[in-house]
Amino acid sequence: MYLSIDIGKSNTRVASSRDLKSIVDITKFPTSPDLTEQKKNIKESVFKVSGGEPIQSAVLGVPGIINRFSGSFFKMNLYPQLNGLAYESFLQDCLEYKEVFVENDALLAGYGEAVGGSGKEFDIVCYLTLSTGVGGCRIAHKSADPSYYFQEPGHQIILEGGRECPVCGQKGCLQAYTSGQAFEEIYKMKPEDCSDDAIWDDYAKHLACGINNLIAMWSPEIIVIGGGLSQKFDFIYASLTEQMSKMTFFPVPEIRKSAFGDESGIRGGFFAISKIIEK
Ligand SMILES: [Zn+2]
C-alpha cells in the first residue's frame, strides 16, 4: 500500500492507494500549528487510511521551501523550528518507513494536474494555487522544471511598494493581493461568501498581472488554477481573461480550473511515487 500526505496551510489530507491511481481511503483534518500535535494527527490518520497494512512508499507534501540537495527543510513558515533540519526531524515521530519522499505541496498539486488532471493533454503546464497562500510551478513534459530553489510565483512583485506580504516580507507581491488571507483583509469578507462582481473584477486585475508575468517567463500552453479560491473560478474567469488580453502581447493561453480540486496534491503524490518506481 502507498500513502500520499498533503500538509496544506489550513488542512492536511492523508490518503492510501494500492495502484497509485485510485484512492482506497482519504481523511482530512485542520493543520495544527503545534508540530507535536500535527505529527500525532498524521500518525493516527495513516493508521486509519491504511487499516494497519504495510506501507511500501509515502510522499509528503509540505507548505514551504525544501532543500532537495541536502534533504532538509529550508523555510517552513508554519513550523520555523524545522528550518535547516533534515526531513527525519519531522518524519521520525509519524512516518517511520524506509521510503518517504518529501516535496513542496504546490509542486505535487501541479504535477497531479499536469499528469492526470486539467493539464494532462498539454506539454507545458503552469499551475497556480490560490489558497491561504499562493504557490505554483511549471511542469514541462510531465516533469517538474529544474530550478535551484523552488519556484515561488506567489512572491513575484506585481505592484512596487504595495501591500506587505506576511510570508516573504516584500511589498506588493502576488500573494499579498490574491491569497485567501489577503482577500479577507482587502475586501472584508471571505472569498467563499463573495458574489460581488465588482470585487471579483478588482481581484482578477491583480491576478492578471501575476499570470501575465508567468506567461512572459514560463510560456505555458495552459494555466491551471487550483486552491480554495478556484471554487470561485466562474466569478474570476471572464474578467481575468479580459484583463489579461489587454495586458499581454502574447496570446492568452487556455485557463482551466483544477480537475482534482482539494485532492490535486494527493493525486500528484501518488503519480510521483509511480514515476519514482518506474525509474
Ligand atoms: Zn510574498
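**Close-up 1. Pairing of strands β9 and β10 in the predicted model**. Strand β9 covers residues 134-140 and is joined to β10 by 2 bridges. The two strands run antiparallel. Across this pairing, I139 stands opposite A144, a residue of β10.

**Close-up 2. The open sheet that contains β9 and β10**. The sheet is built from 5 strands, and their order is β10-β9-β8-β11-β12. Its pairing is mixed. At the edges lie β10, residues 143-144, and β12, residues 254-257. Each of these edge strands pairs on one side only.

**Close-up 3. Helix α3, residues 105-116**. Helix α3 is mostly covered, with 11 of its 12 residues buried. The buried residues run from D105, A106, L107 and L108 through A109, G110, Y111 and G112 to E113, A114 and V115.

**Close-up 4. Helix α7, residues 233-247, and what covers it**. Helix α7 has 15 residues. From its first C-alpha to its last, α7 reaches 20 Å, close to the 21 Å expected at 1.5 Å a residue. Its buried residues are F235, I236, L240, Q243 and M244. The cover over these buried residues includes helix α6, residues 197-218, and strand β12.

Terms used:
Residues numbered from 1 in each chain as written. Predicted model: local features only at pLDDT ≥ 70, side-chain atom pairs only at ≥ 80, totals over all residues. Pairing = 2+ DSSP bridges. Helix = DSSP H or I, 4+ residues; strand = E, 2+ residues; numbered from the N terminus. Expected span 1.5 Å × (residues − 1). Buried ≥ 20, exposed ≤ 12 C-beta atoms within 10 Å, placed from the backbone. Contact = placed C-beta atoms within 7 Å.
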